[in-house]
Amino acid sequence: MMAVKLSPRLLAAAELVNVNGSVCDVGTDHALLPCYLYQKGVKNIIASDINDGPLVAARETIEKYIGADCPIRLVKSDGLRSIDYADNVIVAGMGGELIARIVSECSILKPDVSFILQQMTKAEILRRELYKNGFRITAERTAEEGDKLYVIIKAEYTGISEEISDAFSYTGLCKDKKYLEKQKSILLKAAESCKNSAPDRYSVLFATAQEIEKIINEV
Ligand SMILES: C[S@@+](CC[C@H](N)C(=O)[O-])C[C@H]1O[C@@H](n2cnc3c(N)ncnc32)[C@H](O)[C@@H]1O
């Protein structure tokens, strides 16, 4: 069997999976992650996508790396709407708002289900929505690919809705200085752009950047 090689981003997501449980990879596209996890010994895997094209590509990848009789199940689904159960839910490579929507609509809400989320944009919205919808973040890690720095969030359901601070929405549990610096500079840029037009907004953004500066100094 040819071994699947994952990019650092997908490898970081794979490393947060509990390989003793079942997995659903939502928005699987090429299905490289499910194939990798199958080769690592995960027995029960669903690779799902909302579109037919990615499911065809997923089938080709599965046949290439594992074989036509591979038990990875392909399911057409909008988010988790057609998925009954998984111990690990992975949603990677989508915008933060779409991931937040997919997770908030999820009906698999047992506390022992792990949600492994890798957003391409708007991590601050994803973190805020997770807490608002009764989730909490249990781990975060980063992965670098060229000049890109990705953050991967692991969350679980608690059922307790919480408001989080602006600073936490930008940093989460991440302690990677490079990521924290990046988040600070996003805030400073946003603050600068509204300095004259919206001074109250400027003060909030600037104060949040200062809080992140404190976190950076403590790391
Ligand atoms: C950019 S690809 C990411 C592929 C892979 N997860 C990764 O991280 O490399 C996004 C995939 O999500 C799928 N997608 C978009 N919206 C979706 C939804 N609501 N439910 C399930 N899949 C979705 C797209 O069809 C596409 O295949």
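Visitor: Which domains does the domain assignment give for the protein chain?
Guide: The model is predicted, and its domain bounds come from an automatic or database assignment. For this chain, the assignment gives domain 1 (8-164) and domain 2 (170-219).

Visitor: How far apart do the C-alpha centres of domain 1 and domain 2 lie?
Guide: The two domains span residues 8-164 and 170-219. Between their C-alpha centres the distance is 28 Å.

Visitor: Which element gives the most to the side of domain 1 that touches domain 2?
Guide: The contact takes 9 residues from domain 1 and 8 residues from domain 2. On the side of domain 1, the elements giving two or more residues are α5, β6 and β7 (148-157). By class, the residues of this side are 5 nonpolar, 1 polar and 3 charged. With 4 residues, the element that gives the most is β6.

Visitor: Which residues does Leu-37 touch, not counting residues up to four places away in sequence?
Guide: Leaving out residues up to four places away in sequence, Leu-37 touches Ala-14, Val-17, Val-19, Val-23, Val-42 and Ile-45.

Visitor: Why do the buried residues of α4 line one face of the helix?
Guide: In helix α4 (residues 96-104), the buried residues are Gly-96, Ile-99, Ala-100, Ile-102 and Val-103. Seen down the helix axis, they line one face because they fall within an arc of 165°.

Visitor: What covers the buried residues of α5?
Guide: Ala-123, Glu-124, Leu-126, Arg-127, Arg-128 and Leu-130 are buried in α5. After this helix comes Gly-134, with a positive phi near 90°. The cover of the buried residues of α5 includes α4, β5, β6, β7 and α6.

Visitor: Which residues come nearest to the ligand?
Guide: By class, the shell around the ligand has 7 nonpolar, 5 polar and 3 charged residues. The largest share of the shell, 3 residues, comes from β4. Of the 15 residues around the ligand, those that come nearest are Gly-27, Asp-29, Pro-54, Ala-92 and Gly-93.

Visitor: What is the phi of Asp-29?
Guide: Most residues other than glycine have a negative phi. Asp-29 lies in the loop between β1 and α2, and it is partly exposed because 18 C-beta neighbours lie inside 10 Å. Although Asp-29 is not a glycine, its phi is positive, at about 55°.

Visitor: Is Lys-122 buried, exposed or partly exposed?
Guide: Lys-122 is found in the loop between β5 and α5. Its phi is near 55°, a positive value in a residue other than glycine. Lys-122 has 17 C-beta neighbours inside 10 Å, so it counts as partly exposed.

Visitor: Which residues does Thr-158 touch, not counting residues up to four places away in sequence?
Guide: Thr-158 has its place in the loop between β7 and α6. With 13 other C-beta atoms within 10 Å, Thr-158 is partly exposed. Leaving out residues up to four places away in sequence, Thr-158 touches Pro-111, Gly-134, Phe-135 and Arg-136.

Terms used: Residues numbered from 1 in each chain as written. Predicted model: local features only at pLDDT ≥ 70, side-chain atom pairs only at ≥ 80, totals over all residues. Contact = placed C-beta atoms within 7 Å. Buried ≥ 20, exposed ≤ 12 C-beta atoms within 10 Å, placed from the backbone. Arc of directions from axis to C-beta. Near = placed C-beta within 6 Å. Nonpolar A, V, L, I, M, F, W, Y, C, P; charged D, E, K, R; others polar.
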